Amino acid sequence: MWKKFNNLKKIADTGIVLIIRLDSEQEALAVAEAAVKGGIKALEITMSVPNALRVIQTLAEKYRDEDVLVGAGTILDAETARAAILAGAELLVSPQLNPEMIKMANRYQAVTISGAFTPTEVLETLEAGADIVKLFPAEVLGPQYVKSVTAPLSQAPIAPTGGVTPQNVHEWLQAGCIGVGVGSYITKAAQKDGDYSKVTAAAKEFLEAVAAARSL
C-alpha cells in the first residue's frame with residue numbers, strides 16, 4: 001500500500017537518481033552494484049542498455065529486500081512501461097511526456113519521472129499525473145531557469161538531468177529542484193581502468209555534495 005510513497009522517499013532522501021546508460025549488460029550491472037555500495041538508492045537503467053530488461057530483473061531481484069529503487073529509463077510508451085514493470089521496475093523515466101506511460105505506471109503504482117522543457121510542458125506533465133518533472137536537457141537551461149519557472153509553478157517538483165556535477169549541484173538545489181538526475185560522472189568513473197571502486201567513490205562524493213547543498 002505504501003510502496004510508492006516509500007520509493008519516492010528514497011529519491012527525496014538522497015536527492016539523486018543514477019542514470020545508467022552504458023554499452024554492455026555486464027558493465028551496467030557492475031556500475032549499479034558499485035554505486036549502491038556508495039549509497040545510491042535510485043537506479044535508472046535506460047532501455048538503450050543491451051538486455052536492459054534482464055539487467056532490471058537481475059537488480060530488482062538482488063535488491064528486493066534492500067532499500068534500493070530499481071527503475072527503467074527512456075520509456076516512451078505504455079507497452080515498454082508494462083514490460084519494464086513486469087521485469088521488476090518500480091520507477092519509470094521518460095525524456096518526454098507520454099500520458100499513456102504515466103497512466104500505466106500509476107495503474108501499478110510505479111514512480112514516474114517525466115521529461116519537460118518549457119513551462120507549458122511542465123504543467124502538462126503535472127496534469128498527466130507524473131510524480132516528478134524531469135527538466136531535460138537541463139544543461140542548456142541552467143538553475144536560473146528553474147527559479148523563473150517555479151515562480152509561477154511553485155508546486156512543480158523539478159529534477160534536472162544533464163550537466164549536473166558535485167561542483168554545481170548546490171546551484172540547482174538552491175534554485176528549487178527536489179533532486180537531480182546524474183549519469184556519466186558516476187557511471188563512467190571506472191571506464192579508464194575498470195576499477196569500480198571509483199564508481200563507489202564518485203557516488204559518495206556526489207551524495208555528500210547534495211547533503212552539503214541541502215544544509216546551506
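A nonpolar core is a set of buried Ala, Val, Leu, Ile, Met, Phe, Trp, Tyr and Cys residues joined through side-chain atoms within 4.5 Å. Keep that in mind as we look at this structure, which is a predicted model.

**The cores**

The largest nonpolar core has 66 residues. Those that touch the most other members are Ile-20, Ile-40, Leu-43, Leu-59, Leu-92, Ile-186 and Phe-206. Helix 10 (residues 197-214) gives the most to this core, namely eight residues. Another core, of ten residues, lies apart from it and includes Leu-91, Val-93, Ile-113 and Ile-132. As background, nonpolar side chains in soluble globular proteins tend to be buried together.

Let's visit Ile-20. Beyond its neighbours within four places in sequence, Ile-20 is in contact with residues including Ala-28, Val-31, Leu-43, Val-49 and Thr-187.

**Helix 3 and its surroundings**

Which residues of helix 3 are buried? They are Ala-52, Val-55, Ile-56, Leu-59 and Ala-60. Seen down the helix axis, these buried residues fall within an arc of 130°, so they line one face of helix 3. The table names elements that are among those covering them.

| Element | Residues |
|---|---|
| Helix 2 | 25-37 |
| Strand 2 | 42-46 |
| Strand 3 | 69-73 |
| Helix 4 | 78-87 |

Take helix 4 from that list: its axis and that of helix 3 come within 8 Å and cross at roughly 35°. Helix 3 makes this contact with Leu-53, Ile-56, Gln-57 and Ala-60, while helix 4 brings Ala-83, Ala-84 and Ala-87. By class, the contact between helix 3 and helix 4 has six nonpolar residues, one polar residue and no charged residues.

Definitions and conventions: Residues are numbered from 1 along each chain as its sequence is written. This is a predicted model: local features need pLDDT of at least 70, side-chain atom pairs count only at pLDDT 80 or more; totals for chains, interfaces and linings use all residues. Side-chain values use heavy atoms; hydrogens and water are left out. Buried means under 20% relative accessible area, exposed over 50%, partly exposed in between (1.4 Å probe, protein chains only). Helices (H or I, at least four residues) and strands (E, at least two) are DSSP runs, numbered from the N terminus. The arc is that of the directions from the helix axis to the C-beta atoms. Contact means heavy atoms within 4.5 Å. Axes are lines fitted to C-alpha atoms, for helices over the stretch in contact, and angles run from 0 to 180 degrees between N-to-C directions. Ala, Val, Leu, Ile, Met, Phe, Trp, Tyr, Cys and Pro count as nonpolar, Asp, Glu, Lys and Arg as charged, and the others, Gly among them, as polar.
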